[in-house]
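Take a look at the structure below. The text after it walks from the overall fold to single residues.

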Amino acid sequence: MLGVYDLAFLSTKMDSLGTSDYKSVVSVNLFVALLCACIVVGHLLEENRWINESITALAIGICTGVVILLFSKGKSSHLLVFSEDLFFIYLLPPIIFNAGFQVKKKQFFRNFMTITLFGTVGTLISFSIISLGAIYIFNKMDIGSLKMGDFLAIGAIFSATDSVCTLQVLNQDQTPLLYSLVFGEGVVNDATSVVLFNAVQTVDFSHVSAAIIFKLIGNFIYLFFTSTLLGVVAGLLSAFTIKKLYFGRHSTDREIAIMILMAYLSYMLAELSDLSAILTVFFCGIVMSHYTWHNVTESSRVTTKHAFATLSFIAEIFIFLYVGMDALDIEKWRYISDSPGTSVTVSSILLGLILVGRAAFVFPLSFISNLAKKSPSDKMELKQQVTIWWAGLMRGAVSMALAYNQFSTAGVTQLRGDAIMITSTITVVLFSTVVFGLLTKPLVLHLLPPPKHLSRMISSNSVTPKSFTVPLLNEQDSEADLDQVTPLRKSFNVPHLNGQDSEADLDLVSPGIPRPTSLRMLLSRPSVHHYWRKFDNSFMRPVFGGRGFVPFVPGSPTEQSFHNGDDKYPTSEQPLP
């Protein structure tokens, strides 16, 4: 039997657990309330060209941190303790997957070589410049004992651009080329930075040789292609499963669930296999939008598109809200209270290295990329290069997570040098997101103003939703957008003017509408995309489904399309019964 002492001990233990659970519930409730506040404030500032939701969440996070500091009498500034697992396992996957799922595939793959050049070679150049600059400058400063691995980790940490914030400040409809380049580079850049960071952790720098360097390069190439292949296989498997079993005839919930779970499974398999989970889930999203999305029912298409976008949106706001609160964590600043100028100096040096490192590859690689392009419309002008350079200067949650991994243990910083690097990372993230983020939109509008005819067309027909006006003029609509626009196009007898249409559609263009030079060149000489479309329509879509190849199941929403003599294949244009 339990004694009096044991009962008292158990009672005290349960009370402490109850108090801990109560604090956790209160913290979660407050955080959810702050997320709601960020959404409301972001909506009110929607028309403001200077402010985006990332900056709004940062500002609210900082204000909340100040309030918590006052109530806790300077002991803490945040509601939740930063966790790497929380970021990489729960918050990052929906953001990257939605980026791949919503990407305009035509424009992305048209610039794939440039994107890969910027995302891999450019990141390596930036990594080298930042690492060498840190070694040369920080060794002359009194910032604690940093090892060679720490300096290389700094290069990887600050080579990771913030694709989340960049996607919010650029407009996919107004600047499609810039959007695809910065967006694609951001995803490949994040994957490359994480791979570089992991490689730094596993290398013994006391025995560096040429063999080790070649091994690192080989590992990087292996990780890049293996991660991509895993994402493609996961996407094709989901498409084949849904096409053959057609869950929608019984329950649309099942097909939506299988899409979400297969995407998340690909990410976790990549993590377990020590691959680049970012690349895996990104290409899984691209494949799912190309095949799987067209195999589900009409209602599931609408649901999945908005569900993925909503999850990504909430995760983005969550990240920036926490970064704003964590910026005032008193424990980290206490270690550098005796020399705050040192942290400011380190932050300024890192910002300077970021500026130089990005310029060192954007302009030279843009020049090389332009040499390989024959069409003037596909080449990047100097104004576009400046915009790409500027838009990629922001640093965000990936840099924060990698810095915590390198310079802290379980979110706690013990050494002065580590505390300086953590606080400097926070300063760089805040400064680059707020200052560079505020100036990006005005810079884009100044350097690359939207076409006047497009502005007049949109303003003259204000009752027409943007989703129906802009895609008809866009050269790189995603297939999901095309399925929504096609009924309107047919009702007005207007053929598509984008690069994803078939050659038969292109021949229907009115003689009064001049064809772009790049389009004429594309049709006069078959491109890689032309051969891929032939292979896709002949082999891939009949097996895995896709637009124009949705499955036929008696009683399904596609059954009626077979009784319609206008279409050879059932399409997503058929309404639900």
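This is a predicted model: local features need pLDDT of at least 70, side-chain atom pairs count only at pLDDT 80 or more; totals for chains, interfaces and linings use all residues.

The mean pLDDT of the protein chain is 74. A value of 70 or more is reached by 71% of its residues. Two stretches call for caution. Residues 454–524 have a pLDDT below 50, and beyond near neighbours in sequence this stretch has 98 contacts in the model. Residues 554–577 also have a pLDDT below 50, with 40 contacts beyond near neighbours in sequence.

Now the overall make-up. The protein chain has 23 helices and 0 strands. It counts 577 residues, and 50% of them are buried. Take the contacts between residues at least 6 apart in sequence: 78% of them join residues at least 24 apart. The accessible surface comes to about 27600 Å². Carbon and sulfur atoms account for 67% of that surface.

The largest nonpolar core has 118 residues. Helix 8 supplies the largest share of this core, 14 residues. Which residues touch the most other members? Phe-138 and Ile-154 do. Leaving out residues up to four places away in sequence, Ile-154 touches Ile-130, Ala-134, Phe-138, Leu-146, Leu-350, Phe-407 and Met-421. A second, separate core has 6 residues, among them Leu-236, Ala-239, Met-540 and Phe-544.

Ile-154 is one of the buried residues of helix 6. The buried residues are Gly-149, Asp-150, Phe-151, Leu-152, Ala-153, Ile-154, Gly-155, Ala-156 and Ile-157. What covers them? The cover includes helix 5 (112–138), helix 8, helix 14 (340–371), helix 16 (397–407) and helix 17 (416–447).

Val-200 has a relative accessible area of 9%, so it counts as buried. The C-alpha atoms of Val-200 and Asp-150 are separated by 8.7 Å, although the two residues are 50 apart along the chain. Asp-150 itself is among the buried residues of helix 6.

Charged pairs come next. The model has 3 salt bridges. One joins Glu-185 and Arg-358, with the closest N and O atoms 2.9 Å apart. Glu-185 lies in helix 8 and Arg-358 in helix 14, so this pair ties together parts that are 173 residues apart in sequence. Are these two residues buried or exposed? Both Glu-185 and Arg-358 are buried.

Thr-161 sits in the loop between helix 6 and helix 7 (163–169). Its relative accessibility is 6%, so Thr-161 counts as buried.

Another salt bridge links the side chains of Arg-301 and Glu-298, at 3.4 Å from N to O. Both residues belong to helix 12 (residues 298–326). They are 3 residues apart, so about one helical turn separates them. An α-helix has 3.6 residues a turn, so residues three or four places apart point the same way. Arg-301 is buried, at 4% relative accessible area. Glu-298 is partly exposed, at 27%.

The remaining pair is Asp-536 and Arg-541, whose closest N and O atoms are 2.9 Å apart. Asp-536 is buried, with 0% relative accessibility. Arg-541 is buried too, at 2%.

Finish at the surface. Which residues form a nonpolar patch there? Ile-213, Phe-214, Ile-217, Ile-221 and Phe-225 do. Together they have about 540 Å² of accessible area. Ile-213 lies in helix 9 (residues 210–245). Its relative accessible area is 45%, so Ile-213 counts as partly exposed. In soluble globular proteins, nonpolar side chains tend to be buried together.

Conventions:
Residues are numbered from 1 along each chain as its sequence is written. Side-chain values use heavy atoms; hydrogens and water are left out. pLDDT is the predictor's confidence in each residue, from 0 to 100. Contact means heavy atoms within 4.5 Å. Patches are made of residues with over 30% relative accessible area and no salt bridge: like charges are joined within 9 Å, nonpolar side chains (Val, Leu, Ile, Met, Phe, Trp, Tyr) within 5 Å. Accessible areas come from the Shrake-Rupley method with a 1.4 Å probe; for residues, only the protein chains shown count as cover. A salt bridge is a side-chain nitrogen of Lys or Arg within 4 Å of a carboxyl oxygen of Asp or Glu. Helices (H or I, at least four residues) and strands (E, at least two) are DSSP runs, numbered from the N terminus. Buried means under 20% relative accessible area, exposed over 50%, partly exposed in between (1.4 Å probe, protein chains only). A nonpolar core is a set of buried Ala, Val, Leu, Ile, Met, Phe, Trp, Tyr and Cys residues joined through side-chain atoms within 4.5 Å.
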